[in-house]
Amino acid sequence: MTRETREWLNRNVLIGHTEQRGTAWHYVKSLQGDEPNHYPGAIPVEDVHRRIFNWDAVKVPVYYPLDTASEFDSDAEKPIHQVVRAPGQFDIVRSDTRQRFKMCGRDYVIHQYSEWLLKTLANLIDDDLNIGSAGILQGGGSGFVTLELPESIEVLSDFQIRPHLLAVTSHNGRYATTYKTAATFVVCDNTLAVALNEDTPQFKVRHSKYSTMRLQSVRDALKLVHAVTDSAKGLVLELSQLKVSDSEWSRLIKELVPVPKLEADASDKQKREATKALNKQDELNNLYNNDHRVAPWKGTGLGAFQAFSTYAHHVAGGDNSRGERNRANAMGGATQRHDRRVLAALGIRGSR
């Protein structure tokens, strides 16, 4: 996983609706160049085109040198080189910087960001959906757009959710073109995969010669942004009504973050693992009891879930790659698997 710098994030990731959810974790005004990357409302489509999707990925032939001189040819003063094209092999590069993303075969189809993340979707966006964020990561190797409801949904006092559709594709082989629904807890920017009984609804297109953008499938995916609201609201309410005593919280910590027992001859690796687990337990207890994103709901399933979710999104791992890591986890299913494990430990029905 590449590590994006804060300067990269401030120049290549656009954040919308800051009047409702505040600035992103990476926000540094001095790193934003000539214009800010944060928008009080929805991000205009033309700004995404102009600022980050203003180049294409192109397919270029691959060549390699061929030495035609024999090492036994005494008459050859210098080897004679030929440049030979590799049959059926191409590099995918940026049209502006010529940065190389990957090698591919002749059947690989490039999904341009402007085409697959904006143009087609722009034809489907109605008055209730807006671009909430957009960006490129890994030097432009992957790109994303989120389409959101224009207003956050208040489920509880001081607790809002924002359902969204995450659209992602890549030029470096990391992602198929994928559209996936989720909901963000506005109070802490944690993302919840709300489909408990089955995988989060998604529409996926691979980079092959058979890839097509089926408009009705995407239109159905957009409808899910509205449908996911009721599912997310129901889960938040269920969690808020679930009482969690101090002993139950302690049980939850031990079940989800077990500390391995150390024998007298324990290895250094085993000792480090035990220390790591103890430190995580301490961090979770601190979040549960003291953090403003969690503590207001202490004593409920919502507080317990928030503690684990906030740890996963904002504490675990290093800050340099946090935004990219969280997005990769959401796309790859790691976030959903984490959510299911916590919900199952809380006894929430349908989470297995």
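How many nonpolar, polar and charged residues does the lining of the second largest pocket have, by class? I found 4 nonpolar, 4 polar and 6 charged. My classes: Ala, Val, Leu, Ile, Met, Phe, Trp, Tyr, Cys and Pro are nonpolar, Asp, Glu, Lys and Arg are charged, and the others, Gly among them, are polar.

**Ground rules.** I am working on a predicted model, where local features need pLDDT of at least 70 and side-chain atom pairs count only at pLDDT 80 or more, while totals for chains, interfaces and linings use all residues. Residues are numbered from 1 along each chain as its sequence is written, and side-chain values use heavy atoms, with hydrogens and water left out.

**The pocket.** The second largest pocket holds about 230 Å³ of space. It has 14 lining residues, and closest to its centre I noted Arg11, Asn12, Arg51, Ile52 and Asn54. Two elements give two or more residues each to the lining, helix 1 (6-12) and helix 3 (45-51). Helix 1 has the largest share, with 3 residues.

For the record, a pocket here is an open set of points on a 1 Å grid over the protein atoms alone, where a 1.4 Å probe fits, with protein on both sides within 12 Å along at least five of seven lines; lining residues have an atom within 4 Å of a point. Points are joined across faces, edges and corners, and the volume is the space filled by probe spheres set on them. Helices are DSSP runs of H or I with at least four residues, strands are runs of E with at least two, and both are numbered from the N terminus.

**Salt bridges.** I searched the whole structure and got 8 salt bridges, each a side-chain nitrogen of Lys or Arg within 4 Å of a carboxyl oxygen of Asp or Glu.

Next I checked Arg50 and Glu35, which meet at 2.7 Å, N to O. This pair links distant parts of the chain: Arg50 is in helix 3 and Glu35 in the loop between helix 2 (18-21) and helix 3, 15 residues apart. Arg50 is partly exposed at 42%, and so is Glu35 at 29%. A network of salt bridges links Glu35, Asp47, Arg50 and Arg51.

**Nonpolar cores.** A core is a set of buried Ala, Val, Leu, Ile, Met, Phe, Trp, Tyr and Cys residues joined through side-chain atoms within 4.5 Å. The largest has 31 residues, and Leu239, Trp249, Leu252, Phe308 and Leu346 have the most contacts inside it. Helix 8 (301-314) is among the elements that supply at least two residues, and helix 8 gives the most, 6 residues. Apart from this core lies another, of 27 residues, including Ile43, Tyr108, Trp116 and Val205.

Last, I listed the contacts (heavy atoms within 4.5 Å) of Leu346. Leaving aside neighbours within four places in sequence, Leu346 touches Leu239, Leu242, Val244, Leu252, Gly301, Ala304 and Phe305.

Notes:
Buried means under 20% relative accessible area, exposed over 50%, partly exposed in between (1.4 Å probe, protein chains only).
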